[in-house]
Amino acid sequence: MPGGESYEHTFDTLGTHEYFCIPHESVGMIGSIEVVEEIEASGGGGERELHEIGAPIHPHWVGAATILMMFVSLVFTFYVLKYGESPNTGNTGGGD
């Protein structure tokens, strides 16, 4: 078929169906289509278990812990920058 055209076919039987491009069959332009039974859609969203979508719970906990530690680090940094060192550490300005 010339460029920009398409072809549709409805298969009546299940299984693997071979096809080829008539002008290019000699150079290996062949393929196959596997026809399987139609699976009915569940009809919308809704809650699903994590293992159903292919994500185990472990990575979610790792992500939550990472975000928590980033927050704790920011709070600690803010505290140290705002209040500085304890008066009981370092030079207290007592003169040498």
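Me: How many helices and strands are there in the chain, and which pattern do they follow along the sequence?
Reply: This is a predicted model, in which local features need pLDDT of at least 70 and side-chain atom pairs count only at pLDDT 80 or more, while totals for chains, interfaces and linings use all residues. Residues are numbered from 1 along each chain as its sequence is written, and side-chain values use heavy atoms, with hydrogens and water left out. Helices (H or I, at least four residues) and strands (E, at least two) are DSSP runs numbered from the N terminus. On that basis the chain has 1 helix and 2 strands, in the pattern β-β-α.

Me: What share of the residues of the chain counts as buried?
Reply: Buried means under 20% relative accessible area, exposed over 50%, and partly exposed in between, with a 1.4 Å probe and protein chains only. Of the 96 residues of the chain, the share that counts as buried is 2%.

Me: Is Met 69 buried or exposed, or partly exposed?
Reply: Met 69 is found in helix α1, which covers residues 57-83. Because its relative accessibility is 49%, Met 69 counts as partly exposed.

Me: Which residues form an aromatic pair, and how is the pair classed?
Reply: Rings of Phe, Tyr and Trp (its six-membered ring) pair if their centres lie within 6.5 Å, and planes under 30 degrees apart count as stacked, over 60 as edge-to-face and the rest as tilted. By this rule the count comes to 1 aromatic pair. With 5.0 Å centre to centre and 45° between the planes, the pair is formed by Tyr 79 and Tyr 83 and is classed as tilted.
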